[in-house]
Amino acid sequence: MTDFIITGGRVIDGTGAPAYEGSVLVEGGRIAATGAEADARATNRPNLRRVDATGQTVMPGLIDTHCHLAFDDAGSNAEIFHQRRNGLSALVAAYNARKLLRAGVTSMVDPDSTFENMTDVRDAIDAGLFEGPRMSCGAYALITGVGGTAGRLIRDEGVTGYYMVVNSKDEIVREVRRQIKHGADWIKVHVTGIVPRQAHRGEMCVWTLDELKLICDTAHELMTPVMGHCRGAEATRRAAVAGFDFILHATGMDDAALQAVADRKIPIVPALTFQANMVDYGDRIGTSPDLIAMFEREITESAPTLSAAHKAGVPLLTGSESGFALVPYGDWHYREMEVFVKYFGLSTLEAIECGTRKSAFGMRMMGEIGAILPGYKADVICVNGRVEDDLTVLGDPANITRVMIEGVEKDLSEPAPRKPIPGWRLAQIGGVRLTRALALGRPAAPAALHVEELH
Ligand SMILES: [Zn+2]
């Protein structure tokens, strides 16, 4: 039975409206009424279950539109490419999925996965085999022979990790259709890549406009949307013109790129949580000040255009890029909202709207999830404290007292600690070069953190 009334809480409805004190009535897994109407309807049902949320915020569950559940907080692309196994990574994803629930995440978008196996995890969650957020998935990320963000680690053809190389227009059509047949909700494209010899240029657009259009035409024929990883102006502009439905990152836009995105109101997930973590906490893991400054520039240089996009009506969605060691599962899913407030000038309530109602787009469920409004699915969380005054309360699972998906409460108990899995992590023989200078006790330069480009 999924009928109950939540009373005594402060409701943030996810539309950007101010919080209010009031009840939320849930019937059949959906929000049936709010405020006085919820109370009035509940008086006619004396046996209705009552959920006390006094002192708590009642709000839509968070939607993380950029999370890689197959990667298991990997330290490097090499680990993902060479250490992972298909069945086991799906089982590990089931373990990690609970961390997202405990962080208040009720839906997530998984853009690409090793072995395309997150489509299996998605189906298993939907079937009730284990608990996790509702998922919407891509399969392998499409790239050209130039490669993605892992340079020469990526083979010239076929699959490497979460990538599939397509080397001709025929291969594009074949692969898009194959992924859709096997259950992809999204086609994910790495529109930009790094050419190692030209790394100083940053990420470059590695597709022609015609190729990008072909991807969109083939996918859209089969009712499947396309998302693109784009860093830099030309890639973002080309993806927008080609018909992409969703743009990941969109950093480094120029006026033409911004115009192309704004004309079409294409949602963007900046996914700058990782960079923000490096800025605020990089010194705790030995990151050099130079590198920290570089990460900060990546945010501050893109903030004016992303802020302008928001003002022009482009939906900004939240995504943590969790799945890598520097943004582990369960800890940082709320953090992108802080980035939107701090760097883009959004109000806290606007940022919460981005992380809930607007991010429903990534699930292709706009109008169905992400708001506490009558008719919406009851994806609801209860949080100790006033979230509109302090987003960071969402960062502590101890504050998140209830997580419901379609009115069904999820298990928020802490997962049992895990032990190492043989051959799972990339073996490292130290991280420091044992030079004679170091061995003989001369003062060493601080160890510089090597950070691979995230994808
Ligand atoms: Zn990603």
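1. The protein holds 13 helices and 22 strands, where helices (H or I, at least four residues) and strands (E, at least two) are DSSP runs numbered from the N terminus. Please keep in mind that this is a predicted model: local features need pLDDT of at least 70, side-chain atom pairs count only at pLDDT 80 or more, and totals for chains, interfaces and linings use all residues. Residue numbers start from 1 along each chain as its sequence is written.

2. On overall dimensions, a compact globule of 455 residues would have a radius of gyration near 23 Å, and the 22 Å of the protein agrees with that. The radius is taken over C-alpha atoms, and the globule rule is 2.2 Å times the number of residues to the power 0.38. The C-alpha trace spans about 75 × 60 × 45 Å along its principal axes.

3. Of the 455 residues, 52% count as buried (20 or more other C-beta atoms within 10 Å of the residue's own, with C-beta atoms placed from the backbone).

4. Strand E1 (residues 4-7) runs parallel to E6 over four bridges, and Ile5 has Arg50 in E6 as its bridge partner.

5. Angles run from 0 to 180 degrees between N-to-C directions, and axes are lines fitted to C-alpha atoms, for helices over the stretch in contact. Two residues are in contact if their C-beta atoms, placed from the backbone, lie within 7 Å.

6. A further open sheet has three strands in the order E8-E9-E10, with parallel pairing. Strand E8 (62-64) and strand E10 (134-137) each have a single partner strand, so one side of each is left without a neighbour in the sheet. Helix H4 (residues 118-126) lies across E9 and E10, running at about 150° to E10.

7. Finally, a helix pair: helix H5 (residues 169-181) and helix H6 (residues 209-221) pack at about 30°, with their axes 9 Å apart. Residues of H5 including Ile172, Val173 and Val176 meet residues of H6, among them Leu214 and Ile215.

How values were computed
Buried ≥ 20, exposed ≤ 12 C-beta atoms within 10 Å, placed from the backbone. Pairing = 2+ DSSP bridges.
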